[in-house]
Protein chains: 2
Amino acid sequence: MASVFPLADLKASVKSDSRQGSRSDSWPASWVDTIIKGDCVSALEALPSHSVDIIFADPPYNLQLGGTLHRPDQSLVDAVDDEWDQFASFEAYDAFTRAWLLACRRVLKPTGSIWVIGSYHNIFRVGATLQDLNFWILNDIIWRKTNPMPNFKGRRFQNAHETMIWASPSAKAKGYTFNYDALKAANDDVQMRSDWLFPICNGSERLKGEDGKKAHPTQKPEALLARVIMASTKPGDIVLDPFFGSGTTGAVAKRLGRHFVGIEREQDYIDAASARIAAVEPLGKAELTVMTGKKAEVRVAFNVLVESGLINPGQVLTDAKRRYSAIVRADGTVASGGEAGSIHRLGAKVQGLDACNGWTFWHFEDGQSLRPIDDLRSVIRSDLAKAE
Amino acid sequence: MASVFPLADLKASVKSDSRQGSRSDSWPASWVDTIIKGDCVSALEALPSHSVDIIFADPPYNLQLGGTLHRPDQSLVDAVDDEWDQFASFEAYDAFTRAWLLACRRVLKPTGSIWVIGSYHNIFRVGATLQDLNFWILNDIIWRKTNPMPNFKGRRFQNAHETMIWASPSAKAKGYTFNYDALKAANDDVQMRSDWLFPICNGSERLKGEDGKKAHPTQKPEALLARVIMASTKPGDIVLDPFFGSGTTGAVAKRLGRHFVGIEREQDYIDAASARIAAVEPLGKAELTVMTGKKAEVRVAFNVLVESGLINPGQVLTDAKRRYSAIVRADGTVASGGEAGSIHRLGAKVQGLDACNGWTFWHFEDGQSLRPIDDLRSVIRSDLAKAE
DNA sequence: TATACTGGTGAATCTCGGT
DNA sequence: CACCGAGATTCACCAGTAT
């Protein structure tokens, strides 16, 4: 399991397979459940046509980072500045994308489908290229991260998600696998949505080198791959990953009773992935119904009440005994006597305390009575519950 | 308010404005707070350069030239499965996208930013075109729908989100507005993420025609626009919407004390939007005050504390744990063990770091407790505020 | 043994004004 | 344009150590 296949050997082996006639004669093919060492496009071109069921691709994102970035405590952010992520221009990136996607399409069965993950740096280019090559987009899927890295300089929104595109090889190809009922059953009997919530990969799941440092800079969480594979493959299918990296795709495929093929250039990554996959124990048939992921959290912030019109800008809030009052502003902050801030900060400030729960401290007029604004949060929450 | 401006009249008016010299002579310009009737690109080309603060665009995502909206509907999918036609229509869509984005960039101030919303049918092409035109993507934002349309056929994931791209006009343009502190305060004191949760627009907010049918097929919720506008504009800014439709952008901009400009071809939509905007009551100045953080405070240099006697030459400063100490000198520098410099440089040096905020690092004795010298800066600032 | 505290870190296109 | 220096800026989670 997880043996390494130098590209030259692969070519000879595929040739010999084809000489023996129909594929079933030599099933499983020599390259199944191996990591092919070599360039992504060359390796894809060495594989037989229409031979894999799905492709999961995590290509370089082409990040364009300025200098170094420090956290507020002055510690250095360990950025992805590897050579393999550098491209000279958008044109170069597009040519690369086109080449590997074309090679993927030849290898993919007509009944197969392809997943590509990326961030705003590259995903729009990937998506447009997929369409240009007449792939047919089935969904874009949002991986919402429970614990993303913050924006340290406060100049943008916290980049809290990545995007996956799921596509079939052409508009006419309707035979792709989609385990709708299993997903629905696993999702409390409602349809699986296009936004998924998972933590990023760290802790014991994160592969570490002998130096204790992360073995790969962009290791994806197994839960994410598990949902992808459970959604769009059947047991025994072949899952190809042309940018194998730390081998998450292979590890999850093996665990879920699927075959894998990885393509990877760097020996260090191949070594880490081989050892990792060797340690994986496939699940029994009965256990293959898992991974519902995290239930969507029901955090409701104060600005949601303002944006939804339950609280209006200009409205006056008071504490339960009407000793303090504050005015709601359109930006979702509250103001009182020259001071302004969040419901929590201002509640603390007017009382001269360090902290305060603004949800229970501030009240609004409801007819003749005062009610805590927390009551309105309950309204939002029950709306959300109905919706989900 | 919300008067309609035929394109021919607009051209004459802008010409006459420019003859009068500086913009302040004719402010607000004739085209502000109006709906320009006409083709999107022609209307944009008639507006002055660098004249609007942000652009919010909800472009059509029909990939056919005919103008019918593309929906993920089986019959329409079948209609475009000819590969050549499909490629031709992508090209046409790209040319259209390029044209209106270029026209937008000329009209946008260098300190402005642009938002574009779309779904997987068009957003990848829009994003790639933005990058090709050297717009600089700041974030992609996911609008998660609480109540999306179900997927009836059970062949895909429920399409439960749309994507917005937020971009500045170039990588070098750093002056865009982002009300980070207000967003954070409104979000229970944690920074705002890139995934936003809102219901789709229905119920009483949804504009209906006399026949009781929806007036516009893709009316966006006001809450979504409110967050966009509160995040990236200041009161009094001009918000341009080149695909005005039912006028959500104009209605929210007016309510939030911003100016708007809409461009729309169809008279029915113009009529609906005009009436809608006319009924909007703008909020007052107090409600529209945007919370700001330290970055917006007046600068107070350390030597001001020394000159005003709040800190005395010879006084000893330490860090919070009394591991490092420094002596204040009369010129407003501090010295420690042969080294000297600004509070920031010396703070960095004693810790062996590249940078340090001396205001929060250095403390002074106040009775038995240590307080950061930043507390004294607040004293100066409140004195300054009283003096005004 | 349980709890509290400290330190580390993750695909990041992350300041701004003056000279 | 470049360069310089002031000084502003983080969330969730895990692991290891101290109480």
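User: How do I read the packing of helix H7 (residues 222-232) of chain B and H8(B)?

Analyst: Two packed helices are described by an angle between their axes and a distance between the axes. This is a predicted model. Here H7(B) and H8(B) pack at an angle of about 55°. Their axes are 9 Å apart.

User: Which word describes how H7(B) and H8(B) lie to each other?

Analyst: Roughly parallel needs an angle under 35 degrees, and roughly perpendicular needs 65 to 115. The angle of H7(B) and H8(B) is about 55°. H7(B) and H8(B) are therefore oblique to each other. Their crossing is right-handed.

User: Which residues of H7(B) and H8(B) meet?

Analyst: From H7(B) come B:Glu222, B:Leu225, B:Ala226 and B:Ile229. They meet B:Thr248, B:Thr249, B:Ala251, B:Val252, B:Ala253 and B:Arg255 in H8(B). By class, this contact of H7(B) with H8(B) has 6 nonpolar, 2 polar and 2 charged residues.

User: At what angle do helix H8 (residues 248-255) of chain B and helix H9 (residues 267-278) of chain B pack?

Analyst: Read the angle and the distance again. H8(B) and H9(B) pack at about 15°, with axes 9 Å apart. That makes H8(B) roughly parallel to H9(B). H8(B) passes H9(B) in a right-handed crossing.

User: What residues in H8(B) and H9(B) meet?

Analyst: In H8(B) they are B:Thr248, B:Gly250, B:Ala251 and B:Lys254. Their partners in H9(B) are B:Arg276, B:Ile277 and B:Ala278. The residues of this contact divide into 3 nonpolar, 2 polar and 2 charged.

User: Now for two chains. How do helix H4 (residues 123-132) of chain A and helix H5 (residues 123-132) of chain B pack?

Analyst: The reading works as before. H4(A) and H5(B) pack at about 120°, and their axes are 7 Å apart. H4(A) and H5(B) are therefore oblique to each other. H4(A) passes H5(B) in a left-handed crossing. Residues of H4(A) in the contact include A:Ile123, A:Phe124 and A:Arg125. Those of H5(B) include B:Gly127, B:Ala128 and B:Asp132. The contact of H4(A) with H5(B) divides into 6 nonpolar, 4 polar and 4 charged residues.

User: What area is buried between chain A and chain B?

Analyst: The size of an interface is often given as the accessible area lost when the parts come together. Between chain A and chain B, about 7,100 Å² is buried. Carbon and sulfur atoms give 51% of that area. A:Phe124, A:Arg155 and A:Phe157 supply 13% of the area that chain A buries against chain B, more than any other three residues. In residues, 82 of chain A are in contact with 79 of chain B.

User: How many salt bridges are counted between chain A and chain B?

Analyst: The count is 5 salt bridges. In one salt bridge, the side chains of B:Asp132 and A:Arg125 meet at 2.6 Å, N to O. Both residues also belong to the contact of H4(A) with H5(B).

Conventions: Residues are numbered from 1 along each chain as its sequence is written. Chains are lettered from A and ligands numbered from 1 in the order in which they are written. This is a predicted model: local features need pLDDT of at least 70, side-chain atom pairs count only at pLDDT 80 or more; totals for chains, interfaces and linings use all residues. Side-chain values use heavy atoms; hydrogens and water are left out. Axes are lines fitted to C-alpha atoms, for helices over the stretch in contact, and angles run from 0 to 180 degrees between N-to-C directions. Helices (H or I, at least four residues) and strands (E, at least two) are DSSP runs, numbered from the N terminus. Angles under 35 degrees count as roughly parallel, over 145 as roughly antiparallel, 65 to 115 as roughly perpendicular and the rest as oblique. A crossing is left-handed if the near helix is turned anticlockwise from the far one by less than a right angle, and right-handed if clockwise. Contact means heavy atoms within 4.5 Å. Ala, Val, Leu, Ile, Met, Phe, Trp, Tyr, Cys and Pro count as nonpolar, Asp, Glu, Lys and Arg as charged, and the others, Gly among them, as polar. Buried area is the accessible area (1.4 Å probe) that two parts lose on being put together, summed over both. A salt bridge is a side-chain nitrogen of Lys or Arg within 4 Å of a carboxyl oxygen of Asp or Glu.
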